[in-house]
Amino acid sequence: MVGRVTITIGEAAEMLGISRTSAYLCARRREIPTVRLGRRVLVPVVRFMAMLEGDPPSDENRDDEEDEP
């Protein structure tokens with residue numbers, strides 16, 4: 001992970017010891033911080049590590065939310 005700014009949901013799942021499916025569900029519930037780049041959902045390393053240290057998630061930089069009507 002050295003030098004990387006983001007990791008995949010699969011990599012986050014492996015680090016957490018959960019399945020990829022569970023990680024995607026956690027991301028959808030905003031339990032894992034994510035950003036969306038096109039169709040890819042990525043996990044910002046800094047925010048992920050902060051989450052693991054107990055910092056509350058921040059919604060200010062979430063790019064993966066769809067516009068509401």
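**Exercises on sheet and helix geometry**

**Exercise 1.** Identify the bridge partner of Thr-8 in E3.

Solution. The bridge partner of Thr-8 in E3 is Leu-42. E1 and strand E3 (residues 40–44) pair in the antiparallel sense over three bridges; pairing requires at least two DSSP bridges between two strands. Helix H1 (residues 9–16) packs on the sheet and touches E1 and E3, contact being heavy atoms within 4.5 Å. The direction of H1 makes about 85 degrees with that of E1.

The model is predicted: local features need pLDDT of at least 70 and side-chain atom pairs pLDDT 80 or more, while totals for chains, interfaces and linings use all residues. Residues are numbered from 1 along each chain as its sequence is written, and side-chain values use heavy atoms, leaving out hydrogens and water.

**Exercise 2.** Derive the strand order of the sheet and name its edge strands.

Solution. The three strands form an open sheet in the order E1-E3-E2, with antiparallel pairing. Strand E1 (6–8) and strand E2 (35–37) each pair on one side only, and are the edge strands. Neighbouring strands are turned by 45 degrees against each other on average, direction ignored.

**Exercise 3.** Describe how helix H3 is placed relative to the strands.

Solution. Helix H3 (residues 45–52) lies across E1, E2 and E3. Its direction runs at about 60 degrees to E3.

**Exercise 4.** Characterise the backbone and exposure of Arg-30.

Solution. Arg-30 is found in the loop between helix H2 (20–28) and E2. Most residues other than glycine have a negative phi. Arg-30, although not a glycine, has a positive phi of about 65 degrees. Its relative accessible area is 33%, so Arg-30 is partly exposed (between buried, under 20%, and exposed, over 50%; 1.4 Å probe, protein chains only).

Key:
Helices (H or I, at least four residues) and strands (E, at least two) are DSSP runs, numbered from the N terminus. Axes are lines fitted to C-alpha atoms, for helices over the stretch in contact, and angles run from 0 to 180 degrees between N-to-C directions.
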